[in-house]
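Here is a short report on one protein model. Look at the picture first, then read on.

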Amino acid sequence: KQAQRAYNFNAGPSALPFAVLEKAQQELVNFQGTGMSVMELSHRSATYEQVHNEAIASLKELMNIPEDYHVLFLQGGASTQFATIPMNFLAQGKKAGYIMTGSWSEKAHKEAKMLGETYVVASTKETNYNRIPALDELKYEDNTAYVHLTSNNTIFGTEWFTFPDTGDLPLIADMSSDILSHPIDVSKFAMIYAGAQKNLGPSGVTVVILRPDMLERANANVPTMFRYDTHVKNNSLYNTPPTFGIYMLSLVLEWAKEQGGLEALAKMNKEKAALIYDVIDQSEGFYRGHAEKDSRSLMNITFRLASEELEKKFLAEAKEAGFVGLNGHRSVGGCRASIYNAVPYESCKVLSEFMKDFMKKNG
Ligand code: PLP
């Protein structure tokens, strides 16, 4: 059955671990002898609550999240967080600082601008977001409510590996496309959020990790569903949560633990990425990586070929050979291989061989 699986390099929603899909299939119509699918369980039932709480506990364990931090499962995607962050944390008379490293940072910034005062801490737009700014490029202003960054730039293929120390300024990160891919020091962050559909599970769940003091800083008069304290007080069960997505997330987290946790996943991710970056680097310009070397993402590998015509040919032949999702994002063009946690080493190996072969024939 595994042999029928596609070489899936989609940017999101993306590949899920095969073992997780199989487990979900086995349990689909009768979860733990209930005679019901997880989808059919009441979110107030003890059986569902156990799934929910285990998912929270697993995430805390895997990411080594400090005990007092809150873990929330929300809806609306990371895009809704772009608005709820300033709604809650951008107080009057304060400014929010945004570090601009790509389209998702721009979208997050756009929402904050609608709700209050903002400024750009640093930006690499000038070079089409091909790098992460150096730490000494970051300039914070007085009266900053929080600093926001995007840890992995899905579209441009760059990633932060050393995060800024913002001292007393709350640091908020959109980790949608690299959460769970390598260990990070969660205690550096006031808030981390991520749409689930890359490394965590299916779309429909948004994970929020929140330092408790942020609740005290939050604005009053925010509508109930958009307030973080509503979800904290109710353990993300204020209204009906995306129960099936949270169940899938819990299976993915179990799988991540079985792989050896984030250290082991990081090692695999480095090896997988090296297979493809090595082909790019040894191709003498046949393949041209978009990102500067020390900013290269281990999750999304962006590259171009000499001409659009050659890119079209590459993508057409790749499709023919069974590869899915290698087209670059429309705003950058070219090609992109997204190699999240669940993309097997073998798929990356087959892609690197395909790239070498294509170069031989067309170089
Ligand atoms: N942030 C990043 C880094 C992303 O890659 C994405 C994309 O899918 C989003 C935000 C948007 O997430 P969502 O579709 O969950 O709103």
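Which helix gives the most to the shell around the ligand? Helix H3 (residues 77-89) does, with 3 residues.

## About the model

This is a predicted model: local features need pLDDT of at least 70, side-chain atom pairs count only at pLDDT 80 or more, and totals for chains, interfaces and linings use all residues. Residue numbers start from 1 along each chain, as its sequence is written. Helices (H or I, at least four residues) and strands (E, at least two) are DSSP runs, numbered from the N terminus.

## Around the ligand

The residues around the ligand are Gly12, Gly77, Ala78, Ser79, Trp104, Thr150, Thr154, Asp174, Ser176, Ser177 and Gly195. A residue counts as near if its C-beta atom, placed from the backbone, lies within 6 Å of the molecule.

By class, this shell holds 2 nonpolar, 8 polar and 1 charged. Here Ala, Val, Leu, Ile, Met, Phe, Trp, Tyr, Cys and Pro count as nonpolar, Asp, Glu, Lys and Arg as charged, and the others, Gly among them, as polar.

## The sheet

Strands of a sheet pair through backbone hydrogen bonds, either parallel or antiparallel. In this model, 7 strands form an open sheet with mixed pairing, in the order S2-S10-S9-S8-S5-S3-S4. Strands S2 (70-74) and S4 (117-123) are the edges, and each pairs on one side only. Two strands pair if DSSP finds at least two bridges between them.

Strand S8 (residues 171-174) and strand S9 (residues 191-195) pair in the parallel sense, over 3 bridges. Asp174 stands opposite Tyr193 in S9. Asp174 is also one of the residues around the ligand.

## Two crossing helices

Helix H2 (residues 46-63) and helix H7 (residues 243-258) have axes that come within 9 Å and cross at roughly 40°. That makes H2 oblique to H7. Angles under 35 degrees count as roughly parallel, over 145 as roughly antiparallel, 65 to 115 as roughly perpendicular and the rest as oblique. The axes are lines fitted to C-alpha atoms, for helices over the stretch in contact, and angles run from 0 to 180 degrees between N-to-C directions.

Most residues other than glycine have a negative phi, and most peptide bonds are trans. Which peptide bond is cis? The bond from Gly12 to Pro13 is, with omega near -5°. Pro13 lies in the loop between strand S1 (7-8) and helix H1 (18-27).

Gln32 is not a glycine, yet has a positive phi of about 50°. Find Gln32 in the loop between H1 and H2.
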